[in-house]
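Hello,

I am passing a structure over to you today. Could you have a look at it before reading my notes?

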Amino acid sequence: MGVTEELEALKGVARKNWKIFLSYKAWFVSDILMGFFFAGNALLIGLGLTGKRTSEALAELTGYSDYLTFAILGFMVLAFGMTFMSGFVWSIVDELYAGTLESSFAAPMRRITFFLGSIVVRLILDLLYLGVYIPLFWVIFGLEINFVNLLKGIIVLIVGAFGMIGLGLMAAGIVIYLKDPGPFVNILEMLVFALSGAMYPVKILPKPLQIMAKLLPYAPTTEAVRKVALVGLSKSAGEIMYLSLISIIYTLLGVLTYRWAERRAREIGLKSY
């Protein structure tokens, strides 16, 4: 298929998911409130543990002391990144449960078009939510964020997105093999949350878990975006270089792993193949 045909296919998949999303109108409310609940919880946690928003221990570990700003930036990266993994995986799971996986995969479009079409609505909404959250949080909570640096951090987030897409493709490939992928997906999502560094620095984890966190694309993305947003681009070269390397590796691994998994599924008749 040419570029025009792929874009039309992407639009078709996105339209289908948009209609499904609109059928559950409460999702809009829950999505918007989730950010405020997270920010409120982060503020309460900071106050409850230290009696104030700032933490000397956090400053020693990360170089910045405002826990609320630290947690909100982590939440935004995690929410954006989980869209890829959860979206890719659940697009397979939903098709499997509905019995439509074969017909969807028989459609004349690339797999990446199918996967991106399944999450493009969620990605657009995530970006819109960020456009709402950041100004409101800056006014309500007084976030210590330079907006120019924040825009640069969003560019770094895009670099990390390639690695998270790769991890999502790997997870989607694994799901094809499982008779009941639901538990696997839940465990994987909890693992990613625990190792993402969203709520706490990964340096406080046991050494083996620190290594695991560094080898996944989420924690490096979170750390790079935080440092760019709070310290500046020029002082974040090391984090950006490492994130770029991780993203390249996971992009390649994701494509190769998913292709192998689907080919094997077709050969030995796993799932609906």
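Below is what turned up in the model.

This is a predicted model, in which local features need pLDDT of at least 70, side-chain atom pairs count only at pLDDT 80 or more, and totals for chains, interfaces and linings use all residues. Residues are numbered from 1 along each chain as its sequence is written, and side-chain values use heavy atoms, with hydrogens and water left out.

Let me start with the aromatic rings. There are 8 aromatic pairs, where rings of Phe, Tyr and Trp (its six-membered ring) pair if their centres lie within 6.5 Å, and planes over 60 degrees apart count as edge-to-face. Phe 114 and Phe 115 are edge-to-face, because their ring centres are 5.4 Å apart and their planes stand at 65 degrees. Phe 115 also forms an edge-to-face pair with Tyr 258, at 5.3 Å centre to centre and 85 degrees between the planes. That pair links distant parts of the chain, 143 residues apart: Phe 115 is in helix α6 (residues 111–141) and Tyr 258 in helix α11. Helices here are DSSP runs (H or I, at least four residues), numbered from the N terminus. Both Phe 115 and Tyr 258 are buried, meaning under 20% relative accessible area with a 1.4 Å probe, protein chains only. Ring pairs join Phe 80, Phe 84, Phe 88, Phe 114, Phe 115 and Tyr 258 into a cluster.

Then there is Ser 236, in the loop between α10 (218–230) and α11 (237–268). Ser 236 is buried, with a relative accessible area of 0%.

Conventions:
Helices (H or I, at least four residues) and strands (E, at least two) are DSSP runs, numbered from the N terminus. Buried means under 20% relative accessible area, exposed over 50%, partly exposed in between (1.4 Å probe, protein chains only). Rings of Phe, Tyr and Trp (its six-membered ring) pair if their centres lie within 6.5 Å; planes under 30 degrees apart count as stacked, over 60 as edge-to-face and the rest as tilted.
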